Amino acid sequence: MFIPYGRQTISQKDIDAVCRVLKSDYLTQGDMTERFEAALAEYCRSQYAVLTNNATAALHLACLALGVSSEDIVWTTPISFVASANCALYCGASVDFVDIDPNTYNMSVSALKNKLIQAREANRLPKVVIPVHMTGQSCDMESIHKLSQEFKFSILEDASHAIGGRYKDQPIGSCLYSDIVVFSFHPVKIITTGEGGVALTNNKTLEKKIRLMRSHGITRNPELMTKLPDGPWYYQQLRLGYNYRMTDIQAALGFSQLSSVDIFVRRRHELAKRYDDALGSMALKLPLQTSDTYSSYHLYVIRLCKNDDISRQREIFEYLIDNGVGVNLHYIPIYKQPYYSKFKLNQKAFVESEAYYKSAISLPIYPQLREEQQDIVIDLIKKALKH
Ligand SMILES: *Cc1c(COP(=O)(O)O)cnc(C)c1O
């Protein structure tokens, strides 16, 4: 039997919630989307939540709302999914990267600061910085927020991994240190809607822009129109928006899943602790947790330490796959993608990202991973390292 690196947990309650919508009048644009939005804002202690058909769309809308355009540059971390950077390219902007911290694999604050100082001299400061809460552990948001005030950039948190996590005793998603926070509800993430995402903010202007652009740039609000409505059917398109809406079928699933998020994350912590205990004596770098964060543990990433093991990364990876363990590598540094070669970035400058890519392996972790399955994974890692 194959053990994947991540998978969804769906209960009978979730199934019933979806079936209720299927039997109702509205499969989309009913009231489940609003209810899920309100529940997310309440859970995260943010003012507003706007659901989308996936997190990539939410990141795109967030960049648009923050005014990203072809004159701008946006910075993110290389160790993320390509969507963290693509969202800026959709707006015609260019992208650059800030190297990671060698212990948390999040954007390094010292690297960010150094790069900002250089960028100020070159008059090429970023419009938006997109920190990614890698594996579900928050970035050092207080420091990034301080830098944003000094260097005048907006902050968009790509928290795709991180619902259910906390930072300085606040839920990730509170938007206390950023303009907008995005979660993903893809099935491998913490809670799921099949496909889905959300943008959270405490800024009413940003919320309105995101909501308008989610639905074709169309409004039915007479106050926003350029003239009085022609009749009750009337709507106006004010900007070139998209159809990035979530269905009510998905929102019902998400609403139901949200009531389990804390249980899911607690279970992920139990599994992480079992890995920590079982692998602690091996020549491996295990996930470091900083004192002011509570991770959602979307991923459990180990790093090979010995040069001999690092040179065998692919062999170890393939050995685990061949034995039914669905390890993965999160992520290929984005600047290595052929599509990004046009930015002519100096790959050697990203020393920590390069080292990470050569040594990281993501192990299976998800609430329904059974302990005997986890023990199989642990035994195979021990065997692989002794080969
Ligand atoms: C999953 C993920 C995304 C994209 O999410 P979708 O909902 O699949 O669009 C973006 N950024 C990161 C860091 C992710 O892990």
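A polar side-chain atom of histidine 161 sits 2.8 Å from an oxygen atom of the ligand, a polar contact in the sense of a pair of N or O atoms within 3.5 Å. Once the ligand is in place, the protein covers 92% of the 380 Å² of accessible area that the ligand has on its own, with areas taken from the Shrake-Rupley method with a 1.4 Å probe. Before we go on, please keep in mind that this is a predicted model, in which local features need pLDDT of at least 70 and side-chain atom pairs count only at pLDDT 80 or more, while totals for chains, interfaces and linings use all residues. Residues are numbered from 1 along each chain as its sequence is written, and side-chain values use heavy atoms, with hydrogens and water left out.

Let's stay with the ligand for a moment. It is surrounded by 15 residues, the closest being Thr56, Asp158, His161, Ser184 and Lys189; a residue counts here if one of its heavy atoms lies within 4 Å. An N or O atom in the side chain of aspartate 158 is 2.8 Å from a nitrogen atom of the ligand. Alanine 55 takes part through its backbone, where an N or O atom lies 2.9 Å from an oxygen atom of the ligand.

Next come the cavities. The structure holds three of 30 Å³ or more, a cavity being a set of points, on a 1 Å grid over the protein atoms alone, where a 1.4 Å probe fits but cannot get out, and lining residues having an atom within 4 Å of a point. The largest has a volume of about 70 Å³, and its lining includes Ser138, Glu157, Tyr167 and Cys175. That lining divides into seven nonpolar, four polar and one charged residue. The second largest cavity, at about 60 Å³, has Asn103, Tyr105, Pro287 and Val301 among its lining residues, and its lining has six nonpolar, five polar and no charged residues.

Cys175 brings us to the cysteines. The structure holds zero disulfides, a disulfide being a pair of cysteine sulfur atoms within 2.5 Å. Cysteine 175 is buried, with a relative accessible area of 6%, whereas cysteine 19 is partly exposed at 31% (buried means under 20%, exposed over 50%, partly exposed in between, with a 1.4 Å probe and protein chains only).

Key: 1 Å grid on protein atoms, 1.4 Å probe; cavity = no way out; pocket = protein on both sides within 12 Å on 5 of 7 lines; lining within 4 Å. Points joined across faces, edges and corners; volume = space filled by probe spheres on them. Nonpolar A, V, L, I, M, F, W, Y, C, P; charged D, E, K, R; others polar. Polar contact = N/O pair within 3.5 Å; in protein donor to acceptor, adjacent residues only side chain to side chain.
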